[in-house]
Every structure is written in structure tokens, then in C-alpha cells.
Amino acid sequence: MTDHTAAIAGVYEHPTRNAPDKSTAQLHGDVAAGALEDAGLTTADVDGYFTAGRPGRVMSMVDYLGLEGLSYVDSTDLGGTSYVSHVGHAAAAVAAGKCEVALVTMAGRPRSRSGDGGPPSGPQADFEETYGIGTVNMYALAARRHMHEYGTTAEQLAEVRVAAAEHAQYNEDAMFQEPVTVEDVVESRLVSDPLHLLDCCVVSDGGGGVVVVSPAVADDLDRDCVSVLGHGEAVKHHDAGDIDLTHTGAVESGPRAFEAAGVTHDDIDYASVYDSFTITVVETLEDLGFCEKGAGGEFVEGGTLQAPDGELPFNTDGGGLCNNHPANRGGMPKIIETVRQLRGEANDPVQVPDCEIGLTHGTGGSLGTRMASTTLVLGGDR
């Protein structure tokens, strides 16, 4: 993917974090309308649609949203990074002439306990879930191994939460808006050793939408559009038990996105990095190449991640740790906040000056078993 083959014209993050009075379909409708309004378009303009979730969700939502004349649909499901992948897939579809206006929506209600879960478990279920495997303990295993291999400390992991909380205080929609200290994090209760409560993301209802358009459509819109410069994906699995818990699929998706975009790490002004847990961020930053492997704990110390003046400002909306992790899939808000930064529309105290190139990275699945990584490089206005 190269510059100007596709652009993001509209984004919308649902303001709710608890939606007991709405269905999941209604949330999809809200975010679709919000993203299209932001772009200055309507459902009549949409000829490509992307969503993930339960089997059949894409067909049901096409019907529910009243989308007609679609020439392209995509229901790729890579867990939390699905929607980051959808933006890359939409850009590729636009570049190939398959569609001109691609709508991406995600929504869910895990906080309302509506029973709106994800797709059924895969073939591993009888061999893993029977024995109590869970999301938190898989990430805890990765954190403990990283500590063992590289000397990473709980205090260093806590720096990730501190930065996210520092930013969240300026976001009126964030679930947790109070700043915290390193001590607050390491003194919060253990959830799964070595991860503490404040090392873990929120659980929220809600959703978000993105509109990806062709250059011709972008040029006709009265809206700043953000170019999709590069996209990379990778799937990492447990390699028949020979798994390395200290790295993620970002070791492959990152270089692919950087190469496609023709940029280097020094060009990145802002990063939205999936933060299901603090260890996710530390490992991802290493694997994306912002520091040497094993140096992630040291890298995040000293305000590196804090906007507006840190070396690598990240998750200026508060991220999944403090702001929003809708439907337990936090990739969508990462796209939206990167677009806000590039448009100069982030909250004033955390707006990165002269923000021209942004990175969005999503993670799906578990660091301890099998997972997917997607990296997007986005840039400037068209």
C-alpha cells in the first residue's frame, strides 16, 4: 500500500461505555451514522462494508443498516485487531477498484452482560479451556517470562498505565479519568501474578466506525482525510508448544507496514498501541522496533509515552487501560485516536504538535497461545 491509494475520511467513537438500553445492532447503527456524518457521506454512498463477530454478522448488518448495491464485503475476524485489519483490507480493496467508499463498524455489549459474545471457540477448546486457560493468565505468563528473560519490573510495566491515566484525565468519556502513580499500580490487587488490577484494560460496551475512501472521493469531500500509507499483518501461534512468550506478531507486521509506507521509526510522531495489558505495550514496542528486544521496560520509563512532549506519545485518549475497550476488542479506538491526532483534533493538553505520521497497532488473541498483529501507518491530510 502506498501513499494516496486510500484515505480515512470519517471516524466516530461511541460515547457510551455502558449500554443496557441498546442492542448491539443499534450500536452498529449509531457508529455507522456517526462515521459517515464525520466524512460528509451517507449510506447511499457506501459500496463496501467491513465488520467482524459472530458468523453471519456481516450479512445481518448489511440488512440492518440498509446498505444496498455493495460491491465488496469483508468479515475477517482476528479478535481485537480485526478492525485495524479491516482498514488495511479496505485500502487494498479501494486500490484494486473493488469499492470507493468502505464503511467499517464494530460494536458490542460485554459490560451489559447481554450474552453477545464472540464466535464459538476453535479446535483448541477441548485441550485448553477445559483446564482453566483464560486471557489474563495467558498474558500473565508472558509478563513473567519477560521479567525472567530481561529483568523487566512491575514498576516498569506500571509506567504504561501511568501514561494512559495521565491522558485519560482530559477525556470526558473515559471510564477511568483519575491520574495514578507507579505505586498505585503495583499496590493494586494482584489479578494473575505478576499482573495487578491496574495492569489490565477496562471492559466496556460501545463501538466505533471508520470510513475509508478512494482518492477521488477524498478530493471531493469538505473534510481533512488521512492517508493510509502502510499496512502489515501477521499471525503468531504456539508452534506445537515451542512458543516464545516474549514476542508478538508485531515482529512481522511492523516491518511490513513500515516498508509499505516508506517511513522509519524516527518519522512516527504518535502511536496508538493496543493495551489489553501493560505487558502488551512493552512487548509490542520492542517488536515494532522502537527499542531493542528486552529493553521495553526501560524504554517506557521517564515519561516516554506521555503527550505532548514524550519521545513516543501513545494512546492519548487513555487507551484500553483507562478509556474504552469496546466489546473486549480495542483496535477500533486506536484507529480513531490516531486519526484525531493527525487531524489536530485530540484533546488540547495531549495534542502532539505538528503530528504528521501516526502508527496504529492492534493485537488479537493471546500472547500465551495464538494471536494476530496488525500495523497501520497513517499520514497527514490529503
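**Stop 1**

Select Ala327, which sits in the loop between helix 12 and helix 13. Helices here are DSSP runs of H or I with at least four residues, strands are E runs of at least two, and both are numbered from the N terminus. The model is predicted: local features need pLDDT of at least 70, side-chain atom pairs count only at pLDDT 80 or more, and totals for chains, interfaces and linings use all residues. Residues are numbered from 1 along each chain as its sequence is written, and side-chain values use heavy atoms, with hydrogens and water left out.

Check the backbone of Ala327. Its phi is near 60°, a positive value in a residue other than glycine. Most residues other than glycine have a negative phi. Ala327 counts as buried because its relative accessibility is 18%. The cut-offs: buried is under 20% relative accessible area, exposed is over 50%, and partly exposed is in between (1.4 Å probe, protein chains only).

With 38% relative accessibility, Asn328 is partly exposed.

**Stop 2: two cis peptide bonds**

Most peptide bonds are trans. Select Asp193 and Pro194: a cis peptide bond joins them, with omega about 10°. Pro194 belongs to the loop between strand 5 (190-192) and strand 6 (195-196).

Next, select Ala307 and Pro308. The bond between Ala307 and Pro308 is cis, with omega about 5°. Look for Pro308 in the loop between helix 11 (296-299) and helix 12 (319-322).

**Stop 3: helix 2, side by side**

Select residues 57-65, which make up helix 2. Which residues are buried in helix 2? They are Arg57, Val58, Met61, Val62 and Leu65. Looking down the axis of helix 2, the buried residues fall within an arc of 135°, so they line one face of the helix. That arc is taken over the directions from the helix axis to the C-beta atoms. An α-helix has 3.6 residues a turn, so residues three or four places apart point the same way.

Turn the view to the face of helix 2 directed away from its buried side. Met59 and Asp63 are the exposed residues there.

**Stop 4: salt bridges**

How many salt bridges does the structure hold? There are 15. A salt bridge is a side-chain nitrogen of Lys or Arg within 4 Å of a carboxyl oxygen of Asp or Glu.

Select Arg343 and Asp38. Their side chains form a salt bridge at 2.8 Å, N to O. Arg343 is in helix 13 (residues 331-343) and Asp38 in helix 1 (residues 24-39), so the pair ties together parts 305 residues apart in sequence. Arg343 is buried, at a relative accessible area of 9%.

Move to Glu345 and Arg223. This salt bridge is 3.1 Å, N to O. Glu345 lies in the loop between helix 13 and strand 10 (357-365), and Arg223 in the loop between helix 8 (215-220) and strand 8 (226-236), so the pair ties together parts that are 122 residues apart in sequence. Glu345 is partly exposed, with 37% relative accessible area.

Now take Asp287 and Lys293, joined by a salt bridge at 2.9 Å, N to O. Asp287 is buried at 7% relative accessible area, whereas Lys293 is partly exposed at 31% relative accessibility. Then select Glu13, Arg17, Glu337 and Arg340: salt bridges that share partners join these residues into one network.

**Stop 5: two C-alpha distances**

Select Gly108 in strand 4 (residues 101-108). Gly108 is buried, at 1% relative accessibility.

Next comes Glu252, in helix 9 (residues 250-261). Glu252 is partly exposed at 39% relative accessibility. The C-alpha atoms of Glu252 and Lys236 are separated by 9.2 Å, and these residues are 16 apart along the chain.
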